[in-house]
Amino acid sequence: MAVAWIGNRDAPVQHAVEQAAELLAASRCPVISIDTDIHGTRAAIALAERIGAAYDHPFEGVARETATFTDRGGIFVSPGEVRRRADVVVVVGDLPAYSREFVSELAETVPDLAGDNSRSFFSVTGTPIGPFPADNQGPVTHLSCKGTDLTGTVAALRAHLAGRRISSPVENADRLSKALGHARFTAFLCSGAGLDDLALEMVQGLAADLNKKARASILLIPTSEAGWGSVLVSTWTTGLPLRTSFSRGAPEFDPWRWNVGRMIEEGEVDLHLWIGAGSPPAKNGDSKLIALTKTGQPVADAAITIPIGEPGADHDAVLLSARTGTLAARPASEPSRMPAAATVINSILEHLDPTC
Amino acid sequence: MLTKIAGGEIIDPVGGRHGVGDLWIEDGVIVDPPAGRNAETTVDASGCIVMAGAIDIHSHIGGGNVNTARLLLPEHHSAHLPRPSETPLSNLGWTAFQTGRLYAQMGFTTVVEPAMAPGNALHTHLELADIPIIDKATLAVLGNDDFLLSLIRDNASSSMIEDYVAWTVASSRALGAKVINAGGSAAFKENVRRFSLDDIVPSYGVSSRKIVKTLQMAVQNLGIPHPLHVHCNNLGMPGSVDTAAATIAAAEGVPLHLAHLQFYGYGTEGKRRFSSAASQLAEQVNATPEITIDVGQVMFGQTVTISSDVLRQFSARGNAHPKKSVIFDGDGNGGGIVPYRYRKDFYGSLQWAIGLELFLLITDPWRVFFTTDHPNGAPFTAYPALFELLMSKEARREMAEGLSASALALTTLLAIDREYTLEEIAVMTRAAPARLLGLKDRGNLAAGAIADVAVYRKGKDIAKMFGSAAFVFKDGELVVKDGEVVAHRWGRALRLAPQPDKTMVRRLEAYHQERYGLSLDWFDFPDWAIAREQPFSEVACAA
């Protein structure tokens, strides 16, 4: 029998599952943090519906990316089209670390569907992007605006490109303006991991301005591939993205109210179910923690810890691939006996009182 | 289990049955009356009509663009929950789960998602797998993808193009192929803003007409039962009738299906230069036997338009209601999401009337299909009201009283006396879709057909009758009773499985590695990824 933990004591997984079901059923304000594969998310949402829980992803950037769609919409492009078509690439803000490989790929290739087989890079960020150095000696032209932050710089850049007066010039803005004048297809690369809501909106405005006469589009690189996959699942199963709750029976979406991190911090929660890798946030007050994570030891302060495998490594999984921009099947690369999150959650569901 | 549906008025145009009688079901299929055996379950269908389960050939129910529409409009879903009958999109089956339930309650048992991006096939099938009760199918979108356009530009042989189409349909688990504004999305990426049938896609030197004709012949030669499904250029534009007319003429004796023809029934007469050309289009369809069409009827109220015609959606984003939209420059077609409210003003009234004119002026119910292009013309939950409009001249007249008189004056609608019969409804929504899609096991009530059966309680209120089926059986299981879902089951996705040519697979692998830095795994996936037992059911290509 595989091992789980109740507190710090070893326990059979089956026993831990039963205990978890009891705790979840007894909870008056349960919340779930989901950072797992597609089928794990489906199971977690089914569990949330049964117990009246709110659910969320742990990374704030996922919520900002969600708001880009729910609040404003915009114009977006796939990674494949960026690689094959973008002759001007503008990186705005920090990108998730995992996307470095894609940016390197863009640096090593040229567009074959548009332009003159060359690609120029601009960066509205103070940190290095992909393989490039963080100064003007490399092939990247950096854009900056003294006396303001990143969001202000993007705003000043948009104003400059629209021909409006700005109080502080954007360094190298004319070079970008010239490049845009010749561009066949401009791609902006950004992420909720590196931009706040206002900056994300400003980038959309910039692209909208350019599309009046030319072509430009935005590659929104997810803060978390698992997180964006969970957003997609939640949307087709409940009609609503993450930060949704079943506390009143029907699903309700409220990005402030059902922000699980905020709820924990402000003591609104009596039970936190953590599903995924990484460390759950410190529990607050008397609330309890159930951790489903890949671990060989009990998680600190967890009432129950049940080990699960890594999707696509320990077990077959479906995950979002930011590289293709869609869902992909990932056979287990190092198959193990560690169960999938979906398996454990479905087992918990089977142990819940049917009236729950 | 042997079940008898007793004493209903059976309407089965394929089997030639129209009269009161019994229908027998056993082990999920319809059977001949068994001699010397009694039914274990008898369903009293007296006072009811009995038809095969309905089939919707064109309804956007799942996949990337549909899900993006959900993501764009959470306020509509949220508003709907506490006040379901009073809010925008209140009847829209917004989640995958609700979609299956609502279709089943109306007696629909098979629905086709008509716009699956091949690279997004796994996502699409995962969504479809979460739609309960009904069977589903998809059409794979081609015609803006670099690989095909390059083949055409380079004068590749027809067999090579057929190999590519076969691989696409097979790997994406589709039931057929569709082209959406052929070449238009590719042209838009090169900053083209208007694109017609004889315009040339920049960088390829290939016309939209050439793309349509190439795909039409590939589908025909591969024996794919459903003809090429065409979303023409210039959707929604005044004068779009010319584009549709030219596309119909381009069929040249080979089957071609034109989607949501209502959006192409627009002339340029009148002071607003927007008028009905439905009579002209209907006449041309009537005279062109190789053409089938679905209507894409407009009904009034809030909806959201979802299309892989990114060029059209980009142009329409200024009319968004509420004021937000998503435009996606995807691989191949991409797409656009633009919420929209159809008002009872001049334009909305004209669109509504044009759709009905097409329904009523196209004479052969085997060649005109019942759709609202869900949700583009209206949510599919508007179907019961639409049945009533087709079957009652009086209902049309009453509806017209609240609409723009100047718009209706530009149409022939109120002069049309035709009322659809139940037999014609059975053809248009059951028998004909099954034949068009190559689904020999459904759309009829003959022995051996799968037991997809819809039973409606007859009444003067046609919308009520079709909106709330008395009984619905799916694969022989009772799933709806008195308009309520009584059992959930997971349907399957119907697919073709043409054998991909190995040389083409190697070529595609090399192409994707070189051009995208990716393997073909992007497109293909194992069945375990769906996490349902037997998620697919294979349909045969013609020999």
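First, two terms: two strands pair if DSSP finds at least two bridges between them, and helices (H or I, at least four residues) and strands (E, at least two) are DSSP runs numbered from the N terminus. Residues are numbered from 1 along each chain as its sequence is written, while chains are lettered from A and ligands numbered from 1 in the order in which they are written. This is a predicted model, where local features need pLDDT of at least 70, side-chain atom pairs count only at pLDDT 80 or more, and totals for chains, interfaces and linings use all residues.

**Stop 1: a strand inside chain B**

Select residues 176–180 of chain B, which are strand 9. Is this strand buried or exposed? Five of its five residues are buried, so the strand is largely enclosed by the rest of the structure. (Buried takes 20 or more other C-beta atoms within 10 Å of a residue's own, with C-beta atoms placed from the backbone.) In a regular strand the side chains alternate between the two faces of the sheet. Here B:Gly176, B:Lys178 and B:Ile180 lie on one side, with B:Ala177 and B:Val179 on the other.

Strand 8 (residues 135–142) of chain B runs parallel to strand 9 and is joined to it by four bridges; B:Leu142 has B:Val179 as its bridge partner. Strand 12 (residues 228–231) of chain B is parallel to strand 9 too, through three bridges, and there B:Val179 is partnered with B:Val230.

**Stop 2: where the chains meet**

Show both chains. The contact takes 44 residues from chain A and 43 residues from chain B (two residues are in contact if their C-beta atoms, placed from the backbone, lie within 7 Å). Among the elements of chain B that each supply at least two residues are helix 1 (64–72), helix 18 (502–516) and strand 18 (325–329).

**Stop 3: chain A on its own**

Chain A has eleven helices and 19 strands, and its C-alpha trace spans about 65 × 40 × 30 Å along its principal axes. Colour domain 1 (3–59 + 225–351) and domain 2 (66–220) of chain A; the bounds come from an automatic or database domain assignment. Their C-alpha centres lie 35 Å apart, and eight residues of domain 1 are in contact with seven residues of domain 2.

Terms used:
A residue is buried if 20 or more other C-beta atoms lie within 10 Å of its own, exposed if 12 or fewer, and partly exposed in between; C-beta atoms are placed from the backbone.
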